[in-house]
Amino acid sequence: MAHASGCSIATVSRVLAGTRPVGAETARTVREAAERLGYRPNQVARALRSRSTGTVGLVLPQITNPFFPSLVRELEHALHAEGRAVLLADCDDDPVTEAARISALLDRQIDALLLIPVDEHRSRDAVAGAAARVPLVLLDRGCGPGVADSVAVDNGAGMALVLAHLAAEGRRRPCFVGAAGTASAAVERRAAYEAGAGALDPAAPGRVELGDFSVEWGRAAVDRLWPSRPDAFVCANDLIGVGALQRLRQLGADVPGEVAVTGFDDIPLAGLADPALTTVRQPVAELAAEAARLLARPPAAHPGARHAVRLAPELVVRASSARGAMLLS
């Protein structure tokens with residue numbers, strides 16, 4: 001490379017590593033020589049020298065949830081733009097597996113870690129241990145205050161948008177179908193429903209059924225709740241909402257004339273449902289950008305100082321809840 005560019009070995013090294021300033025003409029000459037020779041840097045050797053692998057670990061609760069692949073895509077784009085690669089791990093909604101995946105990624109000498117924790121309480125020890133070793137940002141869900149930096153949608157604001165929409169549509173007997181456990185997104189959405197639904201009907205906060213974030217649970221919850229004839233199913237995510245829609249159609253219910261259905265997340269399936277599902281859209285690209293920004297910020301002067309970013313959601317009104325209104329597709 002030095003011979004091909006007519007520069008010294010030290011100059012070539014500085015240009016390719018980007019460690020010290022080099023004149024623009026010299027840098028151009030070295031890069032053109034590298035392109036002619038098909039040179040590709042040895043990332044393993046570079047990592048040994050710099051003690052940086054250029055990789056970020058990403059641990060997900062369950063890759064089969066369609067919300068997560070869209071978030072992974074945006075995260076990969078945001079980190080690739082910074083010259084960083086992503087190592088992905090799926091823990092199948094199990095805190096024990098989650099802790100093992102975190103440990104395995106740390107053993108691979110990752111530079112930083114992104115995590116969507118399985119459980120607000122049971123994930124905390126593993127998250128706190130990792131945060132003491134590498135920069136760590138929690139996405140979409142939290143593990144309580146002071147554990148790590150975090151970025152998520154404002155779940156309470158999203159649920160308030162849903163309830164205001166249902167009230168404007170004249171719905172007065174809503175029910176909530178959510179997920180059991182203590183994943184923070186599930187807890188926050190349920191708590192926001194219980195806090196706000198009483199304005200529609202004093203009995204509404206008590207009409208709650210909890211299972212998991214799945215289509216199958218959405219179907220099963222309808223069988224439990226439909227005999228009491230609610231006029232709105234407020235679902236904690238879109239998978240539950242799609243399952244509820246399917247079962248209501250099988251039972252011959254008029255959606256949205258007789259009953260409305262809403263979801264949360266705005267996964268692609270929401271717009272393809274029949275009728276299309278009203279939902280709360282998460283700003284996925286903004287979530288990814290904020291996560292990358294938090295990872296890149298300098299360490300806080302006080303280790304206990306953590307940043308918690310909450311992003312504004314958007315209500316997407318579709319045919320599953322609006323009677324005769326102009327709808328978004």
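Mentor: Let us begin with pairing: two strands pair if DSSP finds at least two bridges between them. Please keep in mind that this is a predicted model.

Trainee: What makes S1 and S2 a pair?

Mentor: Strand S1, residues 55-60, and S2 are joined in the parallel sense over six bridges, and since the definition asks for at least two bridges, they count as paired. Within this pairing, glycine 57 stands opposite leucine 87 in S2.

Trainee: Why are S2 and S11 said to stand at the edges?

Mentor: The open sheet has six strands in the order S2-S1-S3-S4-S5-S11, with parallel pairing. Strand S2 (85-90) and strand S11 (308-311) each have a single partner strand, so one side of each is left without a neighbour in the sheet. Direction ignored, neighbouring strands of this sheet are turned by 20 degrees against each other on average.

Trainee: Which strands does helix H7 touch as it packs on the sheet?

Mentor: Helix H7, residues 124-131, touches strand S3 (112-115) and strand S4 (136-139), and its direction makes about 145 degrees with that of S4. Helix H13, residues 284-296, lies across S1, S3, S4, strand S5 (149-153) and S11, and runs at about 170 degrees to S5.

Trainee: What is the mean pLDDT of the protein, and where is the pLDDT below 50?

Mentor: The mean pLDDT is 88, and 82% of the residues reach 70 or more. Over residues 42-50 the pLDDT is below 50, and this stretch has five contacts in the model beyond near neighbours in sequence. Residues 325-329 also have pLDDT below 50, with eight contacts beyond near neighbours in sequence.

How values were computed
Residues are numbered from 1 along each chain as its sequence is written. This is a predicted model: local features need pLDDT of at least 70, side-chain atom pairs count only at pLDDT 80 or more; totals for chains, interfaces and linings use all residues. Side-chain values use heavy atoms; hydrogens and water are left out. Helices (H or I, at least four residues) and strands (E, at least two) are DSSP runs, numbered from the N terminus. Axes are lines fitted to C-alpha atoms, for helices over the stretch in contact, and angles run from 0 to 180 degrees between N-to-C directions. Contact means heavy atoms within 4.5 Å. pLDDT is the predictor's confidence in each residue, from 0 to 100.
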